[in-house]
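Okay everyone, thanks for coming. Let me put the thing up on the screen and we'll walk through a couple of spots.

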Amino acid sequence: GPRAGRRLPAVLHLPGHLAAGFRDPEEQRVSLGLAQRGYAVLSFDPLSQGERQQYTGREGLECRASCREDGGFRTGGPPCSTAHDHFGKQLWLLGSSAAELFLQDAQRALDYLAGLPWVDPTKIGVIGCSGGGMLTAYLGAVDARVAAVVVACYFSTMEKELSVGTCNYDAEQVLWKQAKLGLDKPDMLIARAPLATVVLLTSHDCFPLAGGRDGFEEAAEAFVAHGMVDGELRLYASEAPGYHHLTETGLGAAYAIFHERLGGEGTSVEPPAGLLARPLPCQYLWLGDGGRGGGAAVPIVELLRGLAGPLLQQLRVRRTLAARLRPAAAGGRWLGALPAVSARLVGLELPTGAPFGSSAGERPGITRAHFYRGGVEEWYLLPTRRLCAVTLRLFRFVGGEPLDRTGSNASGPPRPAGAGYGSGAGSLNAPLALLFGGDAAINRALSAFEVALLGELHARGISLVVAGLCGFGDDLWRGGMWEFAPLLLGRTHAGLHAEEVLRVVLWAAEALGARSVVMVAVGDAAPAVLHAAPHAQRALASGTRASPPPAAGGGLAGVALLRSVASLADLATARHHKMPWQMQMHGVLENYDLPDLLAALAVRGGPRALVVEPQDAKRKAVTWRRALGLYDLARRRFGAAGTPLRILPGPREADVAQTLGAFVAAAGRARS
């Protein structure tokens, strides 16, 4: 220990995404190396790693480690980022983030380290690799107590990472509106200028070396602007051959900068001879039950429920007012404002001026057509304002013998006389069903449900559009930075998809001449359809350039939700959830839940609604009692408006297509 009256320089070592946490031999190499060179070193397990397990193990969410009798350790389970993503997605809904939790952990550790009587609080450094490198950059940017930082296995630029990077991202590495606010990784270093800062780069890291170099040059400008300190710039970089790990070259650079900026008497760049050179046995570093199954931890579920409690209570009060008071009262104002509030929250950009799809350069032309018994199938690609296109398959009923209820599309009779096809040909007088939620691949086979629904609709003389929203069925959007990319822009997948839904609705009205439409959302498309529905209703009511406002009875005739997660509140407070990537919305529960959006559609003369087999956080059908509670406000509002709303909980395998077909037909009759 230190001599009486002398305080030691200290280093906070932040581990990366490793199952054993700070006990991993790679992490011990850093901690022990620093301790042997004269520093007080503190390290701890990140959430859901090492002994800080947050779940029971039955969920299969966490990386896990335990000690072997020979002093080593065994690991298992999924990548450590799995659990971080699990609770990180829940925190988004509550207006918080995993980054906040991880940073709070690091700051409390820094508090503890600085408060030790044998530590000099003015000489504290921080080091970390990978996830630890991320947290080191965060902490160094916001806490002036950190005299020197070493950021390893993390530094690059978002531009390079999105274009050529291969690293897996998890929720704590994404900051809400980060890109929109112009913040990038170099800004974490710029915030520290002119304090001592080191970045360690390797030739073959999944965080691109070219991005690290670009980011270093950007940060250097800020350090130069601050001027030299003691004749030095105090921003350093080290490059070495290697992959996603802390190299000996990089570690040597860390020892050198800590010795220069924190050290003095009693510290060194090289370790004293004869000291321990191998990792400590696992049992020595396991504080709970000897490494047989993990130790106690602050339960993340209780934290989530504590954050959610006040928000959900506020929503309950608003719903009570909305159900009981006149529309002009507070509750009515809240519900009436939801279309605008929800559009702003999810980043839904509403059409201005010419409606979506109306410009000559954007109107999609037919790319393929073929006949089947009772109809013609037409393919379209509808451009969006992004680098993506919505796939559209129009199954136009043209008369003659309809497709039977088994969905048979065997070769039928010749094309009926006068049955035109192509963009704009043959206005659809019956309601047009728009189906969202299937895979975006245009040349895929229809699912059994889609075939059955098509048969039910054609039996009633109704045409169907199967719309493939961008990313649906595409593995690119599952995991990694692309899954979180809209959040960086202050937007959401739900908002982007809602914009696509609006484009499809207005294309149907303008290019196909549809007088009324019924939107059917299957599974993960429900948030997009619910956010788009009130705006679709208004857009159809006002008409388009090619299609005038519909006569009485036209417009949005109905909205149906099939097998979708009913409540974001359930997702936010569940111990185990299966939240789809399309439902990540920052702060949504500060304002509303999905059933509230349905209730906001209830107006006299508005669309009718159908909810079939609503699901809980684990994607299982909710009970009747739970469904009635979730949709209580919607039932009251639709009842007051005199508009039908039907809730059908529970598994309903046999009659779903028939139920939807009857719903679409009834919605059309009510509008005729």
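Helix α3 (residues 98-115) packs against helix α4 (residues 131-142) at an angle of about 65 degrees, and their axes are 10 Å apart. Axes here are lines fitted to C-alpha atoms over the stretch in contact, with angles running from 0 to 180 degrees between N-to-C directions. Helices are DSSP runs of H or I, at least four residues, numbered from the N terminus. So α3 and α4 count as roughly perpendicular, a label that covers 65 to 115 degrees.

Who touches whom? On the α3 side we have A99, F102, L103, A106, Q107 and L110, and they meet L135, Y138, L139 and V142 of α4. Contact means heavy atoms within 4.5 Å.

Quick caveat: this is a predicted model, where local features need pLDDT of at least 70, side-chain atom pairs need 80 or more, and totals for chains, interfaces and linings use all residues. Numbering starts from 1 along each chain as its sequence is written, and side-chain values use heavy atoms, with hydrogens and water left out.

Next, H86, which sits in helix α2 (residues 81-93). Is H86 buried or exposed? Buried, with a relative accessible area of 5%; the cut-off for buried is under 20%, using a 1.4 Å probe and protein chains only. Its side chain makes a polar contact with the side chain of Y55, at 3.3 Å. That term means N or O atoms within 3.5 Å, one able to donate a hydrogen and the other to accept it; residues adjacent in sequence count only if both atoms are side-chain atoms. Skipping neighbours within four places in sequence, H86 also has L61, R575, H576 and H577 among its contacts.

Methods: Helices (H or I, at least four residues) and strands (E, at least two) are DSSP runs, numbered from the N terminus. Buried means under 20% relative accessible area, exposed over 50%, partly exposed in between (1.4 Å probe, protein chains only). Angles under 35 degrees count as roughly parallel, over 145 as roughly antiparallel, 65 to 115 as roughly perpendicular and the rest as oblique.
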